[in-house]
Amino acid sequence: MPPAPPPVTSEGRISRFELRWAIIACCAISAIMVALIYAALVEHMAPPSSVETVDPQTLHLSAEFTEANLGTSVDADGQITSRIVATQFTFDPRCILLPANRPVTLRFASPDVIHGILVTGTNVNTMIVPGYVSQVHTIFTHPGDLLMPCHEFCGLGHSEMIATVRVVPPEDFKPDGQGRARCDAR
Amino acid sequence: MPSDDELARVLAEVPRGALALTGLAVSLLLVAWFLIYVFVFIPRGTVN
């Protein structure tokens, strides 16, 4: 006569339950990882990760972020770049003009404290840390005025620190002879 | 003082309740995460 199987103890039941729950948790984590990998490889979505330093004390004197160079410009190769200085408590310029459905690059720098921006209705979202250039590549799909507030508390005037991203249809995006495009020039 | 049999019977029931509670909580969290991923994050477009 074969020996009787050992009785199932409550410890045994709980161990089995924990093992099953661990498998469910691993499946949930795997599903989220697959979704993130899909976004990164197929949709080309990733956190902005450019590490580029700039001297915050000479920001307005350096070549890139001088006043005349701020705003949207179109390079000779067609690359559209917008340069914005975030400072207590405003953005310079306070409105940037960009075309819809074309790749654009946003470059931000701060001469004073840590700021941050997001563009409403899009995935554009980055910190702006003094000493670094924050760079975001994106494509705006819908024309319209999008708000771009500072989302990092930067002082008493933080709530007033807001700018506009004016996205226009590509046929209405007409840079001037120097390749500059401004909201007030339309 | 419950007997060992009574204790074993209660402990046998405990994982089912825990599974129902954690299963519901984690399911709701996952559903909310994927709804935001599919209907908000992906349509908002590329950024890198």
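Guide: The turns below take up the chains, their contact, the strands and the backbone angles. This is a predicted model, in which local features need pLDDT of at least 70, side-chain atom pairs count only at pLDDT 80 or more, and totals for chains, interfaces and linings use all residues. Residues are numbered from 1 along each chain as its sequence is written, while chains are lettered from A and ligands numbered from 1 in the order in which they are written.

Visitor: How many helices and strands are there in chain B?

Guide: Helices (H or I, at least four residues) and strands (E, at least two) are DSSP runs, numbered from the N terminus. Chain B has one helix and zero strands. Its helix α1 (residues 4-41) has 38 residues and reaches 53 Å from first C-alpha to last, close to the 56 Å expected at 1.5 Å a residue; the expected span is 1.5 Å times one less than the number of residues. The C-alpha trace of chain B spans about 65 × 15 × 10 Å along its principal axes.

Visitor: How many residues of α1(B) are buried?

Guide: A residue is buried if 20 or more other C-beta atoms, placed from the backbone, lie within 10 Å of its own, exposed if 12 or fewer, and partly exposed in between. In α1(B) the number buried is zero, so this helix lies largely in the open. Of the 48 residues in chain B, 2% are buried.

Visitor: Which element of chain A supplies the largest share of the side that touches chain B?

Guide: Two residues are in contact if their C-beta atoms, placed from the backbone, lie within 7 Å. The contact takes 22 residues from chain A and 16 residues from chain B. On the side of chain A, α1 (10-41) and β8 (134-139) each supply at least two residues, and α1(A) gives the largest share, eight residues.

Visitor: Why do β4 and β9 of chain A each have one side without a neighbour in the sheet?

Guide: Two strands pair if DSSP finds at least two bridges between them. Three strands of chain A form an open sheet in the order β4-β10-β9, with mixed pairing. β4 (95-99) and β9 (144-149) stand at the edges with a single partner strand each, so one side of each has no neighbour in the sheet. β9(A) runs antiparallel to β10 (residues 162-168) of chain A, joined by six bridges, and A:Leu146 stands opposite A:Val165 in β10(A).

Visitor: Which residues form the covered face of strand β6 of chain A?

Guide: In a regular strand the side chains alternate between the two faces of the sheet. For β6 (residues 115-118), A:His115 and A:Ile117 form the covered face, and A:Gly116 and A:Leu118 the uncovered one. The bridge partner of A:Ile117 is A:Thr126 in β7(A). β6(A) and β7(A) form a hairpin with six residues between them, and A:Gly121 in the turn has a positive phi of about 80°.

Visitor: Which peptide bonds are cis?

Guide: Most residues other than glycine have a negative phi, and most peptide bonds are trans. Here, the bonds from A:Gln88 to A:Phe89 and from A:Asp92 to A:Pro93 are cis, with omega near 0°. A:Phe89 is in the loop between β2 (80-87) and β3 (90-92) of chain A, and A:Pro93 lies in the loop between β3 and β4.

Visitor: What is the phi of A:His44?

Guide: A:His44 has a positive phi of about 55° although it is not a glycine. A:His44 is found in the loop between α1 and β1 (71-74) of chain A, and counts as partly exposed because it has 13 C-beta neighbours inside 10 Å.
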